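User: I am new to this structure and would like to go through it step by step. Could you show it to me, please?
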Amino acid sequence: MNMQQAIKMTAAETALVDAYTAQIGDLPGDGSVLSVRDTLVHELKTAGLPTRRVESWHYTDLRTLLRAVPTADPTAFADRVEALVAGATVLSVRNGHADLKGNAPEGVTIRSYTDSLLDGSAAAGLAVLGTDDAIGRINGGLVRGGLELVIADGTELEDPLEIQLVQSLGQAHTRFPVSFGANTKATVIERHLSTNAAESLISSVSDITVGEGAEITWIVLQQQGAADTHLGQIRFDLAKDAKLHLFLINAGGKLVRQEIHGKTSGEGADFKLRGINLLGGESHTDVTFTLGHNVPHTTSTEIIRNVVFDRAKGVFQGKILVAKDAQKTDAKMACNTLLLSDDADLSAKPELEIFADDVQCGHGATVADIDHTQLFYLMARGIPENKARAMLVNAFVAEIVEELDDEPLVEALESVISAWLEKHA
């Protein structure tokens, strides 16, 4: 007889299961939501956190890296912070609890995700993406709040919407279903930041639906604390002629896994991903991306720039899947890295899986140090070495930010990048 031996749970796995058990009476949700939560936590308990034996987690052994989980503190308080860009409409979520004060822009409907859990309408959206979706399991089992946004057809927002997720300590698990109607135009900033040096565990899932002809810019700015674990996931679905321009900037966190999973469901859809990963200390940052080109005549470009200092470790996994019927797909992916320390490490794994025969697809990856000729040129003109290095690194990532057609937003993001480089370069 063959018997499957139960795994011995790690301290972190035990803490996650115990956190659910301790809060089960307080977590929002009707019977259908509770049933999904029970299933997700049971799967976490029986399968455990993923190890390097799981292909999609090969470079981020979560079971080993996540050694402890801070205790959830429902009384934790975080102050509201200033908007990244003047004039932006701030939607504040502090320590996992949404603050619905203030008026929504015209054409935008905002609802607390807690209410969707309570009435059961959120149950279907809690489903995981597959057997290795550890972020979906953790978030779905423990999520307490977030925001649900619906942007009406034809709405054009002049100023950005800033979803501001501020964490002080403990745990926060949030979710953001966002639906953009047909022919909408909007810029959304999803901003994660910590106001305390205490260790935190943050999981966040954004589920984005982009309607026909909509043009959306979505910016993820992750600035968690030096001791924090950030587990983020973005899911998106593009309708006919929809355009989604996704910017990702990682500039914080001790252990970071940011997943991006999307699909094109309508012809003429266009997706652009631009990513900047600023890694220092002994941090570990993993960006894992999958995109399904499911219909003909769709396009995508992905450019990732990594800057790795000290003993930091970076990971980029990108996979483009072109379905048999997705003829005339045009997809290109590039990962470029500056390794600025002998102890720094970056693992890149770009992939193409193509079943159509009339496509233009390509991918590539480069790893290099700073050009010492350029460094000498700047130093010969009286610029100190640390400042000269920072200038060259800033130039390496600046062209990514400058693709944004919004001068105040470009200036704000460049300021964030410059401040990080001044501290680490």
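User: Which domains does the domain assignment of the chain give?

Analyst: In this predicted model, the assignment gives domain 1, covering residues 11-266, and domain 2, covering residues 371-425.

User: What separates the centres of domain 1 and domain 2?

Analyst: Taken over C-alpha atoms, the two centres are 30 Å apart. The contact takes twelve residues from domain 1 and eleven residues from domain 2.

User: What area is buried between domain 1 and domain 2?

Analyst: About 920 Å² is buried between domain 1 and domain 2, and carbon and sulfur atoms give 86% of that area. On the side of domain 1, Leu84, Phe247 and Ile249 supply 43% of the area buried against domain 2, which is more than any other three residues.

User: Which elements give two or more residues to the side of domain 1 that touches domain 2?

Analyst: They are strand S7 (185-194), strand S9 (215-223) and strand S11 (243-250). S9 gives the most, with four residues. By type, the residues on this side of domain 1 divide into eight nonpolar, four polar and no charged.

User: Now salt bridges in general. How many does a search of the whole structure find?

Analyst: The search finds 18 salt bridges. One of the pairs is Arg191 with Glu162, whose side chains meet at 3.1 Å, N to O. This pair links distant parts of the chain, with Arg191 in strand S7 and Glu162 in strand S5 (residues 161-167), 29 residues apart.

User: Are Arg191 and Glu162 buried or exposed?

Analyst: Both Arg191 and Glu162 are buried.

User: What about Arg311, which residue does it form a salt bridge with?

Analyst: Arg311 forms a salt bridge with Glu282, and the closest N and O atoms are 3.6 Å apart. Arg311 lies in the loop between strand S15 (299-308) and S16, while Glu282 lies in the loop between strand S13 (270-279) and strand S14 (284-293), so the pair ties together parts that are 29 residues apart in sequence.

User: Why does Arg311 count as exposed? And why does Glu282?

Analyst: Arg311 counts as exposed because its relative accessible area is 52%, and the cut-off for exposed is over 50%. Glu282 is exposed as well, with a relative accessible area of 51%. Elsewhere, salt bridges that share partners join Glu55, Lys349 and Glu351 into one network.

User: And Asp99, which residue does it pair with?

Analyst: Asp99 forms a salt bridge with Arg94, the closest N and O atoms being 2.9 Å apart. Asp99 counts as buried, at 15% relative accessibility.

User: Let us turn to the backbone. What is the phi of Asn95?

Analyst: Asn95 has a positive phi of about 50°, although it is not a glycine. Asn95 is placed in the loop between strand S1 (89-94) and strand S2 (97-99). Asn95 is buried, with a relative accessible area of 6%.

User: And the phi of Lys328?

Analyst: The phi of Lys328 is near 65°, again a positive value in a residue other than glycine. Lys328 lies in the loop between strand S16 (313-322) and strand S17 (330-339). At 45% relative accessibility, Lys328 counts as partly exposed.

User: Strand S17 has come up now. Where is Thr337, and which side chain does its own side chain make a polar contact with?

Analyst: Thr337 is in strand S17. Its side chain makes a polar contact with the side chain of Asn306, at 3.0 Å. Thr337 counts as buried, at 2% relative accessibility. Leaving aside neighbours within four places in sequence, Thr337 is in contact with several residues, including Val308, Leu346 and Phe396.

User: How far apart are Thr195 and Ala78?

Analyst: Thr195 and Ala78 are 117 residues apart in sequence and 7.0 Å apart in space, C-alpha to C-alpha. Not counting residues up to four places away in sequence, Thr195 touches Ala78, Val81, Val166, Gln167 and Ser168.

Definitions and conventions. Residues numbered from 1 in each chain as written. Predicted model: local features only at pLDDT ≥ 70, side-chain atom pairs only at ≥ 80, totals over all residues. Heavy atoms only, no water. Domains from an automatic or database assignment. Contact = heavy atoms within 4.5 Å. Buried area = accessible area lost by both parts, 1.4 Å probe. Nonpolar A, V, L, I, M, F, W, Y, C, P; charged D, E, K, R; others polar. Buried < 20%, exposed > 50% of the residue type's maximum accessible area, 1.4 Å probe, protein only. Polar contact = N/O pair within 3.5 Å; in protein donor to acceptor, adjacent residues only side chain to side chain. Salt bridge = Lys/Arg side-chain N within 4 Å of Asp/Glu carboxyl O.
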